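Open the model in your viewer and keep the selection panel at hand. This tour says what to pick next and what to look for there.

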Amino acid sequence: MELRTLRSRRKSSFWGQIIPYLPYVFQSGVAVVLLILCIVFSAWYTSFLQALPPDLPIRWIMLLLLGPLTVYSGFRTYVQPADVIFLLPQESKMKQYLSPAYFSGVIYKLLGLYLVTIVAWPMYIRTGEATVPLWAMLLVLLLLKVLSAYGAWQELRIATSRARNGYRLLRWCFILLMLAAWIWLPDWWKSLLFMLLLSANYILALRFPMKHAVPWDSLIANEKAGAARTMMILGWFVEIPAEGQKVVRRRWLSMAGNRIPWKQGTSYRYLLTKTFVRSELLGIITRLGLLGMLVLYWTGDSWLGAAVYVFFLFMIGTQLSTLRYVHRDSPAASYYPIMQGVRIKEVIRLITRMLLILAVILWLPLLEASAAGSESALLFSIGGLAAGLLLVLVLRSNWNRKWSELEEDE
Amino acid sequence: MNETPVLQVEELSGGYSLGRPVLHDIQFEVQPGEMVGLIGLNGAGKSTTMKHILGLMTPHRGGVVIQGRTRSEEPEAYQSSLAFVPESPLLYEELTVREHLEFAARAYNVEQKDYEERSKRLLKLFHMEEKADSLSMHLSKGMKQKVMIMCAFVARPPLYIIDEPFLGLDPLGIRSLLDFMLEMKESGSSILLSSHILSTIENYCDRFIVLHKGRVIAQGTLNEIGEQAGTPGAALEDMFYDLVKGGE
């Protein structure tokens, strides 16, 4: 079979598993909430555009909105562990197999980047800071995206993990610096020249580390993590197992869970805590929390602040709920003596605690805004906290009911 | 040995579909402090028997009793009475070697002090001290197998179910495992062990159960197996060959 056809078959087979779930996604309550939030955001954004604050740090906002989306690159190769045996003899022809992955990786992510750019563009124009037309911005973003994807692809090929991490950091620095130059420098040709010089240096730097012709192990690990991420997103809406997610070492968190009381009943709590601190989920929650704090910093002194606060708590709660699927079909379930009913109890306990901690952390910008602001700001801040805590209680009771019923059925 | 058996497999018939049982009337016992070898060709039913003992499969007929308890009556006590080492290591990628040992010790309600002593000794015995804080995903297959074995031994239940433990182990690892199994046996634990390396287990097991096409075709001590095979005094490998060839 042609290698290109093989990839295309694997892609169809993977998405063939996902598509049957889509009707359930649309039926689920979370999808409706997201739709309502889109409508609320559109209404707020329209009114925000009509009365833009005079000192809006628009360049920083554009960099924060577009930077991560421009740098972020990922590829779905649909490579399987057995390929090390069966496709290795055809390694020299693997370009046929892998090049569609590279192009799809760029195209789909570019669509998201363009969507955000187009939505943010009216805000950028109205502040009077935009020095280039939209088409020029889109073109530069395309070039930066292609460069970042090229860099990410070369990183996959790098033989040592330390060099790979170093080059990832380098890519973030280079691309963000180039984007900042494009947004900040008043003369477009100067920005362009700077970007060209920086790109040449970056491409040159990528030639130095030792690389594999086809990085089989990296591709397999990457594909496993990519597939697991898709399943995890789907898991926000429907009941599916969330296995095979990427494990992140996080040495600084290795003490987490060690102080859990030494009792048979807490063994699953120990396992769950260790799993959580090394999961991708913790990274997602942290990023979401930071983004929430940033948005709340701007909107904290109005009713919108309280709404954004509850929204972010809800989003974090939804993400945390995927912990329910962790270890559901793992050896712990059958080989180790874990008491009945303990698993659900411990999952809910961990999620609730995390949510309560985040409810307090996310509330800090609201508190700060109310301390410096008016009485109404104080009201929104206290009201927001109360609504947030109520949301945590409602979610907790909902999980308790739903998951206990499901466990009885299983 | 007249004590109550640790493990009783009673007229067990079972398999993956009701109409086509893989196991037929399997009957055997394992006494306290006994090491029993479960031997058979590929597909003879060794792993299926073990899965039934673990409670991962439901018997079509008959049952399994561990220390007088069935899994349906007392699931937690039943599960706490045995530790399993599967043929292919099943570990949590996000846990280090030490954390696996700690999780197993907590799950089996081992005292913290005992866990610390046992884990230290096991890590040394299996030459895994340097890897104690490595994530399991970064271990070789043999090392993963050692972690599975150590997790079982840190728990110290009355019964060990060990499926093909030597696969992937280095010679030092095999020796450490055999020595430790003998020590466990002497301390009163029972071991049901399946392996294809008959020349190795011949000298270590007290009794053998020969499975062929889902049935027990012979069981007993080495001498008793020799008599049943009609080749007394021969090596276990030769007896086994005669038994299964006779069943063809």
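Domain bounds here come from an automatic or database domain assignment. This is a predicted model: local features need pLDDT of at least 70, side-chain atom pairs count only at pLDDT 80 or more, and totals for chains, interfaces and linings use all residues. Residues are numbered from 1 along each chain as its sequence is written, while chains are lettered from A and ligands numbered from 1 in the order in which they are written.

**Stop 1: chain A**

Select 3–225 of chain A for domain 1, then 247–409 for domain 2. Their C-alpha centres lie 28 Å apart.

**Stop 2: the domains of chain B**

Colour 1–81 + 157–248 of chain B as domain 1, and 90–156 as domain 2. The C-alpha centres of these two domains of chain B are separated by 25 Å.

Now show where they meet. Domain 1 of chain B puts 14 residues in contact with 13 residues of domain 2. (Contact means that C-beta atoms, placed from the backbone, lie within 7 Å.) On the domain 1 side, α6(B) gives the most, with six residues. Helices (H or I, at least four residues) and strands (E, at least two) are DSSP runs, numbered from the N terminus. By class, that side of domain 1 of chain B has nine nonpolar residues, four polar and one charged. Nonpolar covers Ala, Val, Leu, Ile, Met, Phe, Trp, Tyr, Cys and Pro; charged covers Asp, Glu, Lys and Arg; the others, Gly among them, are polar.

**Stop 3: the sheet of chain B**

Select the strands of chain B in the order β5-β6-β7-β3-β8-β9: these six form an open sheet with mixed pairing. Strands pair if DSSP finds at least two bridges between them. At the edges sit β5 (82–85) and β9 (215–220) of chain B, each pairing on one side only. From one strand to the next, the twist averages 15°.

Zoom in on β5(B). Four bridges join β5(B) to β6 (residues 159–163) of chain B, and the two run parallel. Pick B:F84; its bridge partner in β6(B) is B:I161.

**Stop 4: between the chains**

Show both chains. The contact takes 23 residues from chain B and 20 from chain A. On the chain B side, α3(B) gives the most, with six residues.

Conventions: Contact = placed C-beta atoms within 7 Å. Axes fitted to C-alpha atoms, helices over the stretch in contact; angles between N-to-C directions.
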